[in-house]
Amino acid sequence: LEDALAFPPVFIPLDVQLAVSTNPALPGSPFPAVLASYSPAFQPVTGLGGNADPINACTPLTNDLTGKIGVCRRGGCVFTVKTTNVENAGAIGTIVVQTAGAPTVMGGAPTGTGPSVMISRTDGDTLIN
């Protein structure tokens with residue numbers, strides 16, 4: 001409230017909710033997603049998806065994701081390492097799949113230029129498969 005009354009006003013989103021839209025033929029589309037705290041301001045991104053290899057994206061990827069939206073799984077390392085490795089493989093954005101439950105806000109130092117979001121395990125399994 002104090003930030004909202006400041007001049008100029010400062011608004012800090014604490015839990016940004018958005019949706020990852022996929023092919024309408026997929027069940028459950030669009031998928032609820034949460035923007036990473038270190039992600040640049042959200043802007044719509046359109047592209048084909050591509051699974052990270054390795055899927056946890058904790059090491060440099062062995063596949064080319066140029067122009068695609070990279071999909072990886074949570075676990076094994078910090079979020080910013082994942083999104084950096086996915087973007088270094090050419091991706092224009094990153095989707096991290098939660099291990100269980102609802103997506104959460106990913107934290108860390110600012111990194112990369114594309115948006116990074118987390119989606120649930122159920123929705124992520126649909127994308128990965």
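Biologist: Why is Cys-72 called buried?

Modeller: Buried means under 20% relative accessible area, exposed over 50% and partly exposed in between, using a 1.4 Å probe and protein chains only. Cys-72 has a relative accessible area of 0%, so Cys-72 is buried. Do keep in mind that this is a predicted model, where local features need pLDDT of at least 70, side-chain atom pairs count only at pLDDT 80 or more, and totals for chains, interfaces and linings use all residues. Residues are numbered from 1 along each chain as its sequence is written, and side-chain values use heavy atoms, leaving out hydrogens and water.

Biologist: Good to know! And what makes Cys-77 partly exposed?

Modeller: Its relative accessibility is 24%, so Cys-77 counts as partly exposed. Cys-72 is in no disulfide, and the nearest cysteine sulfur, that of Cys-77, is 8.0 Å away.

Biologist: How do you know that a disulfide joins Cys-58 to Cys-77?

Modeller: A disulfide is a pair of cysteine sulfur atoms within 2.5 Å. For Cys-58 and Cys-77, the S to S distance is 2.2 Å. By this rule the count comes to 1 disulfide. The pair links distant parts of the chain, 19 residues apart: Cys-58 is in the loop between S3 and S4, and Cys-77 is in the loop between S4 and H2. Helices (H or I, at least four residues) and strands (E, at least two) are DSSP runs, numbered from the N terminus.

Biologist: Why is the disulfide of Cys-58 and Cys-77 called left-handed?

Modeller: The torsion about its S-S bond is about -90°, so the disulfide is left-handed.

Biologist: What makes Asn-85 buried?

Modeller: Asn-85 is at 10% relative accessibility, so Asn-85 counts as buried. Asn-85 is found in helix H2, residues 79–88. Not counting residues up to four places away in sequence, Asn-85 touches Ala-57, Cys-58, Thr-59, Pro-60 and Leu-61, where contact means heavy atoms within 4.5 Å.

Biologist: Which residues touch the most other members of the largest nonpolar core?

Modeller: A nonpolar core is a set of buried Ala, Val, Leu, Ile, Met, Phe, Trp, Tyr and Cys residues joined through side-chain atoms within 4.5 Å. The largest has 14 residues, and those touching the most other members are Ala-52, Ala-57, Leu-61, Leu-65, Cys-72, Val-86 and Met-106. Apart from it lies another core, of 11 residues, among them Leu-35, Ile-69, Val-71 and Ile-128.
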